[in-house]
Amino acid sequence: MTFYDELETRSADERAAWQARELTAALARARTAPALARSLHAIDPDALVTADMLASLPVLRKSELSEAQKKSPPFGGFTTRHAHEFENIFQSPGPIYEPGRRGNDWWRLGRFLFAAGVGAGDIVQNCFGYHLTPAGMMFESAARAVDAAVLPAGTGQTELQVRAAVDIGTTVYAGTPDYLKIILDKADEMAESLALTRAVVSGGALFPSLRQSYADRRIATTQCYATADLGLIAYESPAMEGMIVDEGVIVEIVRPGTGDPVPEGEVGEVVVTTFNPDYPLVRFATGDLSAVLPGTSPCGRTNMRIKGWMGRADQTTKIKGMFVRPEQVAALVSRHPEVNRARVVADRSGEMDLMTVQLETDIQDAARYEATVLDTLKLRGRIELVAPGSLPNDGKVIEDRRSYD
C-alpha cells in the first residue's frame with residue numbers, strides 16, 4: 001500500500017500535536033483578515049490552540065458570509081489577500097464569491113485522486129464546469145498534482161464528449177455522479193467502447209445503485225466531499241468504509257443550529273476549519289449532516305472518518321450538482337406577484353436527478369415561468385401549477401424526496 005504522503009499514517013498524538021501548531025499559526029494569519037479579526041479576539045494569540053478549543057469560537061454560516069460579501073465585496077473581509085492577488089475569482093449560486101489559486105494544489109484534491117489510483121499515465125476527462133464555478137479548476141489542479149493529463153471537457157455536447165473520449169483514450173472520468181451515465185449511454189448509442197476504468201465524482205449523491213451500474217461496466221467509482229470555500233474535506237479510499245478526513249482541515253460534527261460538538265456517532269452538522277493561509281475559514285458550517293465513524297480505515301490511513309453526506313441541516317439542497325437555496329425560491333416568488341407560494345421538489349428517475357417547481361397560482365400557462373425558474377434557480381425543471389392554498393402549510397420551500405439508502 002502506498003500513500004500520498006507521511007501525513008496520512010500518523011498516530012493520533014502526532015496528528016493532534018501537528019494540528020495544534022498549524023491551528024495556532026492559522027488563527028494568527030486569520031487575524032489579518034478583517035472579518036475574522038473580530039471573531040477571534042477571545043483567543044490568546046500566544047497560546048497553543050488545540051482542536052478541542054475550537055468549540056469556544058463562533059460558527060460561521062454561509063448566510064453570514066454572503067451578507068459580509070454584500071457589505072465588503074468580493075470576499076467579505078475573510079481573505080488574507082486582496083482580490084487582485086488571486087489568480088481566479090469564482091461565483092457560485094447565491095451568489096457567493098470564492099478565491100482560487102493555481103499553484104500547489106490549492107484545494108488539496110490531489111490526495112483524493114491519488115487514493116483513487118489516478119496518476120501518471122492517466123488522462124482525466126474533467127466534466128466539471130470551468131465557467132464561473134470552481135469545480136473544474138479544482139479537479140484540474142488535483143490531476144496536475146498526481147501527474148495525470150486532463151481533457152477539460154466541462155458539461156454538455158455529449159456526442160463530442162464520447163468522440164473525444166474514444167479518440168484520446170481517456171481513462172478517468174471526473175464529474176458529478178450521474179453525468180457519467182449520460183456519457184456511457186451516448187457511447188452505447190454510438191456503438192463506441194470507452195477506455196474508462198475509474199470515476200472520481202463529487203457535487204451530488206453517489207447512490208449505491210449508480211455506483212454498482214458503473215462497477216458492472218468495470219469502472220471503479222470513488223467520491224469525495226469538497227466545497228468551493230474549503231477545498232477537500234473528506235474522501236473515499238479503496239477500503240470503501242466511510243470518508244477519511246483530509247489532512248488540511250479540522251472537522252467537527254455539531255448539533256444543527258449550534259456550535260456544540262455531538263458525541264461520536266451522533267448525526268450532526270459538519271463544521272470545518274481550514275489551514276489555508278489565503279482563505280483561513282474558521283468553524284465554517286457546511287449545512288451538511290454526517291457522523292463520525294469509530295476507528296480508522298482498513299486502508300491504513302489513520303485520520304478521523306465520517307459517514308459521508310447524510311442530508312442537509314437546513315433546506316438547502318443539491319440538485320444536479322447545484323445548490324438550491326430557500327432564498328432563491330423566495331426570489332422566484334417575488335418576481336411574480338400572482339404566485340402565492342412555491343416549493344421545489346427534488347426526486348430521482350432512471351439514476352438522474354429531477355427538479356419539479358410547484359407554484360401556487362391561478363395562472364394556467366406554465367411556460368410563463370420557465371425563464372424565471374432558470375434565472376433564479378440556475379437549473380431547468382418541470383413546472384407544476386397548483387391551486388392557491390394547496391401546498392402543505394409546513395414551512396418547507398425545498399423538499400428532497402430522494403432515498404439515500
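Ala-174 has Val-200 as its bridge partner in strand 7. This is a predicted model, with local features needing pLDDT of at least 70, side-chain atom pairs counting only at pLDDT 80 or more, and totals for chains, interfaces and linings using all residues. Residues are numbered from 1 along each chain as its sequence is written, and side-chain values use heavy atoms, with hydrogens and water left out. Helices (H or I, at least four residues) and strands (E, at least two) are DSSP runs, numbered from the N terminus.

**Around strand 6**
- Strand 6 (residues 172-175) pairs with strand 7 (residues 198-201) in the parallel sense over four bridges; to pair, two strands need at least two bridges found by DSSP.
- Strand 4 (residues 123-126) also pairs with strand 6 in the parallel sense, over three bridges, and here Asn-126 is the residue opposite Ala-174.
- Val-172 and Ala-174 point one way from strand 6, Tyr-173 and Gly-175 the other way, and all are buried (under 20% relative accessible area, with a 1.4 Å probe and protein chains only).

**Cys-127**
- Cys-127 sits in the loop between strand 4 and helix 5 (135-145), and it counts as buried because its relative accessibility is 3%.
- Beyond its neighbours within four places in sequence, Cys-127 is in contact with residues including Tyr-173, Ala-174 and Gly-175 (contact means heavy atoms within 4.5 Å).
- Gln-161 is another of these contacts; Cys-127 and Gln-161 are 34 residues apart in sequence and 9.0 Å apart in space, C-alpha to C-alpha.

- An open sheet with mixed pairing is built from four strands in the order 20-19-18-21.
- Strand 20 (382-386) and strand 21 (398-400) are at the edges with a single partner strand each, so one side of each has no neighbour in the sheet.
- Strand 18 (residues 342-349) and strand 21 pair in the parallel sense over three bridges, with Val-345 opposite Glu-399.
- Helix 9 packs on this sheet, touching strand 18, strand 19 (352-360) and strand 21, and its direction makes about 120° with that of strand 18.

**Helix 9 against helix 10**
- Helix 9 (residues 326-334) and helix 10 (residues 370-377) pack at about 150°, with axes 9 Å apart (axes are lines fitted to C-alpha atoms, for helices over the stretch in contact, and angles run from 0 to 180 degrees between N-to-C directions).
- The two helices are therefore roughly antiparallel, the term for angles over 145 degrees.
- Helix 9 brings Gln-328, Val-329, Ala-331 and Leu-332 to the contact, and helix 10 brings Thr-372, Val-373, Thr-376 and Leu-377.

Note on methods:
Angles under 35 degrees count as roughly parallel, over 145 as roughly antiparallel, 65 to 115 as roughly perpendicular and the rest as oblique. Buried means under 20% relative accessible area, exposed over 50%, partly exposed in between (1.4 Å probe, protein chains only).
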